[in-house]
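Dear colleague,

I am passing on a structure for your attention.

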Amino acid sequence: MKSMGDKQKKGRHRWRQQLVLLLDLCILLAVSMIIFRLTPDTNGTSSTDWSNLWPGLVQMGVCILLFQLLMRTYDTLWRYAETREYLTLLLGMAGGTLLNLLSMHVFGQRLSRMFVCTAAAFSLLAMLAVRMLYRRYREIVTRHTPKGGVYTGIIGAGDAGISLLREMQRSPEGRYLPHCFFDDDPEKIGTRIHGLPVYGPISALPERIGNLPVSELVVAMPTVSAERRREILGICTQTSCHVSVLPDRLDLLGHPNNASPLRTSMREVRIEDLLGRAPVQLDSARTKAFLQGKTVMVTGGGGSIGSELCRQIARCQPRRLVILEIYENGAYDVQQELVRRYGDALDLRVEIASVRDRRRLYQVFSKHRPQVVFHAAAHKHVPLMEDSPTEAVKNNIFGTWNTICACETFSVEKFVLISTDKAVNPTNVMGATKRMCEQLLQSRKGVSRTEFAAVRFGNVLGSNGSVVPLFRRQIAAGGPVTITDKRIIRYFMTIPEAAQLVLEAGAMAHGGEVYVLDMGEPVKILDLAEKLIRLSGYIPYSDIDIVEIGLRPGEKLYEELLMKSEELSKTENQKIFIERQEEISPHVMGHMLEQLKRAADSGSAEEVRRVLHACVKTYHSADEVNREAIEQMELRTQQTAMAEG
């Protein structure tokens, strides 16, 4: 069926080519005959020497149509034609005319050069007029208001914005009705582009939009800086319009398999577009030198962080990449993605295994002999781990310990642990288990040939369990959006940033360090929710309510990235810090592990918490930490009020 459909399409295309060629020939003949009839001879009367006309016309027609065929003029779909296609038609006519004049010089003249040039020029005008009239006819016939269509304002009247406008206008079945442009260029403001007015500056958008029927905004400025894009999106949040953006790179522009690449590549605003800092760029050359030609293993390689690690490691040309994962669906997804992208160029292996199973872990290490291990396998959901602390201990602590032992047994060069800001002064089981994992690494310093390091970062946007996907689902369902506490603040980073940090930390690691990324200023979750609602085209508290549901068990009002320690130093990268901790002897750590194992085997949640508190000295109750935080916030508020007064 598909083959028959393709043949029908090709048949229609050939038919159109032949029809346009025949039409051009008719135009050339008709125009030439009219000019010939109206051209006076030397006696001042009209020429009627038709015996000279027909051989000359045949010669001229062959030359001009031959050149048009060489220029592939008839391969064009004229309803999509732009300047380039019309210029090609002009060049084909000019080349054909020159060829005709040359042939007249060689084979003898039947028509005057003036007549040939005049006929060619008027024929070209007629051909252009027919094509433009056809395009205009197509626009009028196909133009109608799409069902459910929305009036759209395009922010940015540059090349990307104009290309997007053309695609919207050519897609009458789409939902977008282009209404106007917004731009900062004084030369464009007040003019019209393809019939659409250009308003400006962009800073005046909130006042201007109230008088327009626009309910959708598209930021079509892919080359603008991240800081400027954040400013523009901040302006958009002052409207009640739904906002979309074009991606940073127009990779799909003009893609032969996609008739509307720009329109289909438009995406929702991501909260990382609104982060109060520029994206962190780390040293990719150092990372590539570290991983190139090595066997690299990623535990938990099917998760959000683990899968991004796999993507970035694959770009570094490792000798082999091993994905170790207990959740086969996640492992399968990233495997298929990497196979499609790299094919046989990447030696990719997937092992379904749990880090809790030491025997199976040793089998995998023995089989692949990894040189670098990134340990992303862990339980990370705070409320769930509060309900199941024994599972958190078994998977996070003893899974990490099993992996450490496998690394030492099979002479792994480097081991990098993915940690979290919740390990700093933890108030929940998940954070305490991660802090215990950091202590495990510190206990191996000086007694192991494997170099260990931990990487600590904040909330990862878009990761499994992230608050942003939850907000989007709640907005799509019509609300309400739920937040635990309106005072809560968090540090945020993107998944690629987190993966880059982990890889560069691995390249830097010498043993026992905890690497931390400077993540700028923290973000209020309430502000984040309000911005997402506005950028989705709704008004907070009016269209979609925001409901406070109370802090979850073990949840802090704020997160810290660094322990209160003077052992803090910068690295070569100004965005990365190292926190060095006091070393823990293997003997002390062994005693802690024995206590934790007995507590986990007992199945008692209270016993697990008691032992965790004993092993992790900075582990405090959430109520205690939040009470202190509230007192400090109130004190700062009072001090600010007094200073302003």
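In what follows, a residue is called exposed when its relative accessible area is over 50%, and buried when that area is under 20%. Please note that the model is predicted.

By way of overview, the protein chain has 645 residues, of which 49% count as buried. The chain contains 21 helices and 22 strands. Among its contacts between residues at least 6 apart in sequence, 76% join residues at least 24 apart.

As to confidence, the pLDDT of the chain averages 81, and 82% of the residues score at least 70. Residues 42–48 have a pLDDT below 50, and this stretch makes nine contacts beyond near neighbours in sequence. Over residues 249–261 the pLDDT likewise stays under 50; the model shows twelve contacts for them beyond four places in sequence. Where pLDDT is low, the predicted coordinates should not be read in detail.

I would draw your attention to helix α9, which spans residues 284–291. Thr287, Phe290 and Leu291 are buried in this helix. These three lie on the same side of α9, because they cover an arc of only 80 degrees around the axis. The face turned away from that buried side carries Ala285 and Ala289, both exposed. Which elements cover the buried residues of α9? They include β8 (295–299), α10 (304–314), β11 (372–375), β12 (414–418) and α17. Just after the helix, Gly293 adopts a positive phi of about 80 degrees.

Two packed helices are described by the angle between their axes and the distance between the axes. Here the axes of α9 and α17 (residues 495–508) come within 9 Å and cross at roughly 65 degrees, and the crossing is left-handed. On the α9 side the contact involves Arg286, Thr287, Phe290 and Leu291, which meet Leu503, Glu504, Gly506, Ala507 and Met508 of α17. The residues of this contact divide into five nonpolar, two polar and two charged.

Leaving aside residues up to four places away in sequence, Thr97 touches Ile64, Val116 and Ala120.

With kind regards

Methods: Residues numbered from 1 in each chain as written. Predicted model: local features only at pLDDT ≥ 70, side-chain atom pairs only at ≥ 80, totals over all residues. Heavy atoms only, no water. Axes fitted to C-alpha atoms, helices over the stretch in contact; angles between N-to-C directions. Helix = DSSP H or I, 4+ residues; strand = E, 2+ residues; numbered from the N terminus. Left-handed = near helix turned anticlockwise from the far one by under 90°. Contact = heavy atoms within 4.5 Å. Nonpolar A, V, L, I, M, F, W, Y, C, P; charged D, E, K, R; others polar. pLDDT = per-residue confidence, 0-100. Buried < 20%, exposed > 50% of the residue type's maximum accessible area, 1.4 Å probe, protein only. Arc of directions from axis to C-beta.
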